[in-house]
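Here is a friendly briefing on how the pieces of this protein pack together. Have the viewer open as you read, and follow the topics one by one.

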Amino acid sequence: MPDIAFLNGRFLPWGEATVSIEDRGFQFGDGVYEVIRTYHGRPFELEAHLNRLDRSANELSLPRPYSRAQWREWIQRGIEEAGFPEAKVYIQITRGAAPRDHAFPVDVSPTVVMTIRELPPFPAQTRATGVTAKTCDDLRWARCDIKSLNLLANVLAREEAKRAGVFEAILVKDGLVTEGAVSNVMAVQAGTVVTAPEGPRILSGVTRTVVLELARKEGLTLREQFMSLESLYAADEVFLTGTTVEVLGVIRVDGRTIGAGSPGPVTRALAARMTALAG
Ligand code: PDD
């Protein structure tokens, strides 16, 4: 089963899918992206991801060269050609290639890339025991709602987590928890699910929206409000949401045990509901 590469409207052999050294994605991080997963060959929450791609592109005045219908067709074709049981679809749009100058170039076509690769299932054992995390300073810019290619602060935080031997970096700005380096962060406090509100400080995760809806259906109370680091440490449960992690319990943050030290009942219920949804 092949990894699939797509560049500017054409499916290509992987090695031939190359872009210019003057591409603005490469030189400035001047672009946006999406990561979509499949379950049983079907892209999960495709419309929500394409909506966010449109929104991110719009916020950066990036052209959107292809229609929604065209994207749906290409994504489906790529998934079928790849043939993986579960796949990760990566889409990236940059402002294109031009001699280096910060302001937007004129008459330049965007560079549009899609890759489709296998996404091995998240290890069941790790999901059952939960993962650990550490907090890091949230060094990102003031428009984290845009899924832009500028991921340097996320990269540094994730590396810090890796070096500390933990799974995720939980980002903290002005003493408040924003989100994870590659996920949104939720906590359960006395039966209420608490997570940072949508806005410029977080990426509004597609999984976040799905999980909040599942929580509502479970009859849980929701509070979209920033948490202090202290209230995160003191939460009954902490979990991550995201395309790659789905719903994933966090059992230790900065070496402090969360709740009973294993994924709690709300985390497990929401993870089970996610699995059912994906089924
Ligand atoms: N990241 N917050 C950040 C900073 C993220 O990078 C992501 C996902 C999320 C979760 O969003 P969603 O539920 O839509 O996947 C939240 C992707 C997977 C990545 O960069 O690889």
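An open sheet of six strands, with antiparallel pairing, runs in the order β2-β1-β6-β5-β3-β4; two strands pair if DSSP finds at least two bridges between them. Helices (H or I, at least four residues) and strands (E, at least two) are DSSP runs, numbered from the N terminus. This is a predicted model, in which local features need pLDDT of at least 70 and side-chain atom pairs count only at pLDDT 80 or more, while totals for chains, interfaces and linings use all residues. Residues are numbered from 1 along each chain as its sequence is written, and side-chain values use heavy atoms, with hydrogens and water left out.

- At the edges sit β2 (10-12) and β4 (42-43), each pairing on one side only.
- Strands β5 (residues 87-94) and β6 (residues 111-118) run antiparallel and are joined by eight bridges.
- Ala87 has Glu118 in β6 as its bridge partner.
- Helix α3 packs on the sheet and touches β1 (4-7), β2, β3 (31-39), β4, β5 and β6, where contact means heavy atoms within 4.5 Å.
- The direction of α3 makes about 35 degrees with that of β6; axes are lines fitted to C-alpha atoms, for helices over the stretch in contact, and angles run from 0 to 180 degrees between N-to-C directions.

**Helices α2 and α3**
- The axes of α2 (residues 46-59) and α3 (residues 68-82) come within 12 Å and cross at roughly 125 degrees.
- That angle makes α2 oblique to α3 (under 35 degrees counts as roughly parallel, over 145 as roughly antiparallel, 65 to 115 as roughly perpendicular and the rest as oblique).
- From α2, Leu46, Glu47, Leu50, Asn51, Leu53 and Asp54 meet Arg68, Trp71, Arg72 and Ile75 of α3.
- The residues of this α2 contact with α3 are five nonpolar, one polar and four charged (Ala, Val, Leu, Ile, Met, Phe, Trp, Tyr, Cys and Pro count as nonpolar, Asp, Glu, Lys and Arg as charged, and the others, Gly among them, as polar).

**Helices α6 and α8**
- Helix α6 (residues 206-217) packs with helix α8 (residues 265-278) at an angle of about 110 degrees, their axes 10 Å apart.
- That makes α6 roughly perpendicular to α8.
- Thr207, Val210, Val211, Leu214, Ala215 and Lys217 of α6 meet Leu270, Arg273, Met274 and Leu277 of α8.
- Seven nonpolar, one polar and two charged residues form the contact of α6 with α8.

**The two domains**
- The protein is divided into domain 1 (4-118) and domain 2 (124-278), with bounds from an automatic or database domain assignment.
- Their C-alpha centres lie 26 Å apart.
- In domain 1, 25 residues are in contact with 20 residues of domain 2.
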